[in-house]
Structure formats: structure tokens, C-alpha cells
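Dear colleague,

Please read them with the coordinates open.

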Amino acid sequence: MVRKLALWLTAVAGGVLIAGQWPDIRRYVKIKSLSMGDGHPENVPAGGRTSYPQRPEDSAPEGTGDFDAARRGGPAQ
């Protein structure tokens, strides 16, 4: 009984993991088929998932970001 429950929970957890990553999996398959010569570039979404703020008011104030160091192209301090 415990073994069946453990197998069932493992299957459910795997399904949830796949369902959460489904957009990325579909995008990967489309890009892979495109690189093999099949498919068309219009079928692959260019955006993917975005991790950067999409509106200026959601971003960090100027001069506080990761690229603010002079050695990384930011202003000299």
C-alpha cells in the first residue's frame, strides 16, 4: 500500500513539474526543430519568459543596479 502511494505521489510530482515547465519545453522543441532545418522562425516565440521589469516604474532607481560599477561600463565613481 505504501509502495503504491509512493509511486502515485512520484507520478503526480513529475506531472506537476512537467506542467510547470510546459511553455519552456514547447519553445525548446520549436527551436530545436528550427535548428535542424524544419519549421519556420515565426513559429518560435521570441520573448520566452522575462525576468526583467517590463515597466520603468517597476525597476530599481538609477545608479543602484548591478551594472553601476566603472569596471562594468557604469559611471566612474
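At 1.5 Å a residue, the 34 residues of H1 should span 50 Å, and the end C-alpha atoms of H1 are 46 Å apart, which agrees with that expectation. Please bear in mind that this is a predicted model. H1 has a kink of about 60° at Trp-22, a position that comes shortly before the proline Pro-23. As for the rest of the secondary structure, the chain contains one helix and zero strands.

On the surface, Leu-5, Trp-8, Leu-9, Val-12 and Val-16 form a nonpolar patch, and together these residues have about 500 Å² of accessible area. One of them, Leu-9, lies in H1, which covers residues 2-35. With a relative accessible area of 45%, Leu-9 counts as partly exposed, because that class lies between the limit of under 20% for buried residues and that of over 50% for exposed ones.

Beyond the helix, H1 is followed by Gly-37, whose phi is positive, near 100°. Pro-41 is also found in the segment after H1, and its relative accessible area of 51% makes Pro-41 exposed, since the cut-off for that class is over 50%. The C-alpha atom of Pro-41 is separated by 8.3 Å from that of Ile-31, although the two residues are ten residues apart along the chain.

For the chain as a whole, buried residues make up 3% of the 77 residues. The accessible surface of the chain comes to about 7,100 Å², and 61% of this area belongs to carbon and sulfur atoms.

Terms used
Residues are numbered from 1 along each chain as its sequence is written. This is a predicted model: local features need pLDDT of at least 70, side-chain atom pairs count only at pLDDT 80 or more; totals for chains, interfaces and linings use all residues. Side-chain values use heavy atoms; hydrogens and water are left out. Patches are made of residues with over 30% relative accessible area and no salt bridge: like charges are joined within 9 Å, nonpolar side chains (Val, Leu, Ile, Met, Phe, Trp, Tyr) within 5 Å. Accessible areas come from the Shrake-Rupley method with a 1.4 Å probe; for residues, only the protein chains shown count as cover. A salt bridge is a side-chain nitrogen of Lys or Arg within 4 Å of a carboxyl oxygen of Asp or Glu. Helices (H or I, at least four residues) and strands (E, at least two) are DSSP runs, numbered from the N terminus. Buried means under 20% relative accessible area, exposed over 50%, partly exposed in between (1.4 Å probe, protein chains only). The expected span of a helix is 1.5 Å times one less than its number of residues. The bend at a residue is the angle between axes fitted to the seven residues ending there and the seven starting there.
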